[in-house]
Amino acid sequence: MTTSHDAALRLSADKRAASEKKRRRGILAPESLVDPNKFLPITYPWARQCYKDGIANNWIPEEVAMMGDIEQWRSQTVLSEDERRMILWNLGFFSTAESLTANNIVLTLYKYITNPECRQYLLRQAYEEAVHNDMFVYICDSLSLDPDEVYSMYETIPSIAAKDEFVINMTRSLLDPAHQIDIETLEGKQTLVSDLIGFYVIMEGIFFYAGFAMMLSLMRQQKMVGVAEQFQYTLRDESVHLAFGQYLINAIVAENPELWTPEFQAQQIAHIRHAVELEYAYAQDALPRGILGLRSDVIYQYLQHIADRRLERINLPAQYGAENPFPWMSEIMDLNKEKNFFETRVTEYQHGSALEW
Ligand SMILES: [Fe+2]
Ligand SMILES: [Fe+2]
């Protein structure tokens, strides 16, 4: 006779088997083999944690007051021509880079990443990229900038165009709707991991960081504090995006070690080294004479320092051995320590200094 106890045992054995099956199928299992709607049990706790970290960082641009920035931007004496150039270059780059990143999540990654908790994070990240897109609309509106000028800088300013083009080239085959990769093949897996390195490690992990350093330097001088504060919140979001990307890359490689060939590794190191040079060229262009005690050669050293950290996080060898010239960048990322810094904002974020990038 079957008792309810037997039935309960059988049910829990079935659940364990289902959980084991889900785990074995990995992050890239085609939808025909995995049920992307079965959220529990969680196989990748880091994806869940990144989702929670994202929620703890919640913000919207309109919470940040812009009156002081509007006055400073209108004034003929507060900002130098070089400071205005640097601000415009960063608005020009970020305004379109955010939308490229969002498109990559929705049009590419969501198709191939079938694990439900990873997809849940991709949804959260896509929302955050929408907030970042909105931030540039809010800034353009507040400062009455010419939207045609800002939103075409990714085509008209060569140092910005070179960065976008480089990432797009790394991922072109995935973005082409006519080109479907076969995720079961070695080539397909390498193409996807190359996309992840292009967007998470290079775009969000290197190409955003000269801009962050420049904009947060302004904030330290009490200039354009509303704009800079939004860059600070974006930096905190991006540090979680970067963490998720690195976990994701490492998990895919661990599940598919055959893709991590010496040639593939060498190619990715070369991409990252090339990205550092493109970002340096961008910093020289945005800061031709140096301002605020910030020079492009020091930014170069900072880029080399962070590139080494990014490489190590995906188990590739550091290339530069450069010291961090901006230790204040790590401090500024921890808003809990800085909660009295901005009088314009009262919300205290929960997410703290656990992440170091
Ligand atoms: Fe973003
Ligand atoms: Fe991002």
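The model is predicted, so local features need pLDDT of at least 70 and side-chain atom pairs count only at pLDDT 80 or more, while totals for chains, interfaces and linings use all residues. Residues are numbered from 1 along each chain as its sequence is written, and chains are lettered from A and ligands numbered from 1 in the order in which they are written. Helices (H or I, at least four residues) are DSSP runs, numbered from the N terminus.

**Helices α2 and α11**

- The axes of α2 (residues 45-56) and α11 (residues 225-255) come within 10 Å and cross at roughly 175°; axes are lines fitted to C-alpha atoms, for helices over the stretch in contact, and angles run from 0 to 180 degrees between N-to-C directions.
- The two helices are therefore roughly antiparallel, a term for angles over 145 degrees.
- On α2 the contact is made by Trp46, Ala47, Cys50, Asp53 and Gly54, and on α11 by Val240, Ala243, Phe244 and Tyr247. Two residues are in contact if their C-beta atoms, placed from the backbone, lie within 7 Å.
- By class, this contact has seven nonpolar, one polar and one charged residues. Ala, Val, Leu, Ile, Met, Phe, Trp, Tyr, Cys and Pro count as nonpolar, Asp, Glu, Lys and Arg as charged, and the others, Gly among them, as polar.

**Helix α3**

- Asp69, Gln72 and Trp73 of α3 (residues 67-74) are buried. A residue is buried if 20 or more other C-beta atoms lie within 10 Å of its own, exposed if 12 or fewer, and partly exposed in between, with C-beta atoms placed from the backbone.
- The buried residues of α3 pack against α5 (116-143) and α11.
- The face of α3 turned away from the buried side carries the exposed residues Met67, Glu71 and Arg74.

**The largest nonpolar core**

- This core has 86 residues, and Ile202, Ile206, Ala213 and Leu303 have the most contacts inside it. A nonpolar core is a set of buried Ala, Val, Leu, Ile, Met, Phe, Trp, Tyr and Cys residues joined through C-beta atoms within 7 Å.
- Helix α11 gives the largest share of the core, 13 residues.
- Leaving aside neighbours within four places in sequence, Leu303 is in contact with Ile206, Tyr209, Ala210, Val276, Glu279 and Tyr280.

- Met224 has a phi of about 50° and lies in the loop between α10 (209-220) and α11. Met224 is buried, with 26 other C-beta atoms within 10 Å.
- Asn315 has a phi near 60° and is found in the loop between α13 (296-313) and α14 (327-332). Asn315 is partly exposed, with 13 other C-beta atoms within 10 Å.

Methods: Angles under 35 degrees count as roughly parallel, over 145 as roughly antiparallel, 65 to 115 as roughly perpendicular and the rest as oblique.
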